[in-house]
Amino acid sequence: MSDVHTTVDAKGLSCPMPIVKTAQAVKTVPAGELIEVLATDPGSVKDFAAWTRSTGNAIVEQSEDDGVYRFLIKRS
Amino acid sequence: MATETQAPEAEAATTAEEQLTEAIAAAAQPDDEANVPVQRQLVIINWSGDFDKVLPTLIMGSVAAASGYKTSVFLTFWGLLPFVKDSKRITGDNTMQKMLSFMQRPGISHMKMSKMNFMGMGPWMIGKLSEQYNVASPQELLEACQLMGVEFLPCQMTMDMFGLKREDMIDGLGDPVGAATVLELMTEDHTGSLFI
């Protein structure tokens, strides 16, 4: 199980910044590596599902803890 | 289905069944092309230039680009003014053009709301709300767009009519284009377009 390559802290940010920051970070991540995204925006849950579908990346894991959503995304 | 079990028909049926089985097996093979996400496009005609309308332009634009869409924003009419440098207060060559810029201040930091502008209180209030709820400002969103590779296309006709020059505009804009270019983009496959 490879470690998280990059963490994107989007806590407290509203649309569209969680997606935009993640897209920026993904550019620096090699294929197959994992990106962890932390967000508090409830709208981001559906947004990340749509974004991964559009970009061909995959959500490996998704969880929520006390208002903070955690997405583990594998860079395709 | 034929109920005869005479040899020739049975053979014909078996061959057909074999062909069908083969066809199903072939269709079930993973298709390499199916895994490649299709190239989508978003074209936004940014016409109004209002604060509360340029925000969705920049948000949709940055998210589309972040999602791998080929994204173009056509800056036309009032929608071109926010993309003049903030530092340019009066633009234009003749009196009418200068008056225009005097009455409709150019620059992304000086946009007016389409509703509830309250002589400038409107944008200020939205600014305060944005700070409170961590919503990005127009300037931040513009930066995000540029970082994500959104193409901003100024309208040649608007530049001519308002007397705007390349030097008046912010950096990073594409070459001026016209309606035909935008129309072509809007009618390509897998393209969504918006008039804002």
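**Entry 1: a loop in chain B**

I started at Met119(B), which counts as exposed because it has 6 C-beta neighbours inside 10 Å. For the cut-offs, I noted that a residue is buried if 20 or more other C-beta atoms lie within 10 Å of its own, exposed if 12 or fewer, and partly exposed in between, with C-beta atoms placed from the backbone.

Before going on, I wrote down that this is a predicted model, in which local features need pLDDT of at least 70 and side-chain atom pairs count only at pLDDT 80 or more, while totals for chains, interfaces and linings use all residues. Residues are numbered from 1 along each chain as its sequence is written, and chains are lettered from A and ligands numbered from 1 in the order in which they are written.

Back to Met119(B): its phi is positive, about 55°, although Met119(B) is not a glycine. I found Met119(B) in the loop between α3 (95–103) and α4 of chain B. Helices here are DSSP runs of H or I with at least four residues, strands are runs of E with at least two, and both are numbered from the N terminus.

I then looked up His190(B), a residue other than glycine with a positive phi near 55°. His190(B) sits in the loop between α7 (179–186) and β4 (191–195) of chain B. It has 11 C-beta neighbours inside 10 Å, so His190(B) counts as exposed.

**Entry 2: helix α4 and chain B as a whole**

Is α4(B) tucked in or largely in the open? One of its 12 residues is buried, so α4(B) lies largely in the open. This helix covers residues 121–132 and reaches 17 Å from its first C-alpha to its last, close to the 16 Å expected. The expected span is 1.5 Å times one less than the number of residues. After α4(B) comes Asn134(B), with a positive phi near 55°.

Stepping back, I noted seven helices and four strands in chain B. Along the sequence they follow the pattern α-β-α-β-α-α-α-β-α-α-β. Of the 196 residues of chain B, 28% count as buried.

**Entry 3: where the chains meet**

The contact takes 14 residues from chain A and 14 residues from chain B; two residues are in contact if their C-beta atoms, placed from the backbone, lie within 7 Å. On the chain B side, α2 and α5 (138–148) each supply at least two residues. The largest share, four residues, comes from α2(B). I sorted the chain B side by class and got 10 nonpolar, four polar and no charged residues. In this scheme Ala, Val, Leu, Ile, Met, Phe, Trp, Tyr, Cys and Pro are nonpolar, Asp, Glu, Lys and Arg are charged, and the others, Gly among them, are polar.

I followed α2(B), residues 51–66, to its partner α1(A), residues 17–27: they pack at about 35°, with their axes 9 Å apart. Axes are lines fitted to C-alpha atoms, for helices over the stretch in contact, and angles run from 0 to 180 degrees between N-to-C directions. Ile19(A), Val20(A) and Ala23(A) of α1(A) meet Ser62(B), Val63(B) and Ala66(B) of α2(B). That contact has five nonpolar, one polar and no charged residues.

**Entry 4: the sheet of chain A**

Next I looked at the open sheet of four strands in chain A, in the order β1-β2-β4-β3 with mixed pairing. Strands pair if DSSP finds at least two bridges between them. β1 (4–10) and β3 of chain A stand at the edges with a single partner strand each, so one side of each has no neighbour in the sheet.

β4(A) pairs antiparallel with β2(A), residues 34–39, over six bridges. Seven bridges join β4(A) to β3(A), residues 58–65, and these also run antiparallel. β3(A) and β4(A) form a hairpin with two residues between them, and Asp66(A) in the turn has a positive phi of about 55°.

Opposite Tyr69(A) stands Glu64(A). Thr40(A) is 29 residues from Tyr69(A) in sequence, yet their C-alpha atoms are 5.9 Å apart.

My last stop was the peptide bond from Cys15(A) to Pro16(A), which is cis with omega near 5°. Pro16(A) lies in the loop between β1 and α1 of chain A.
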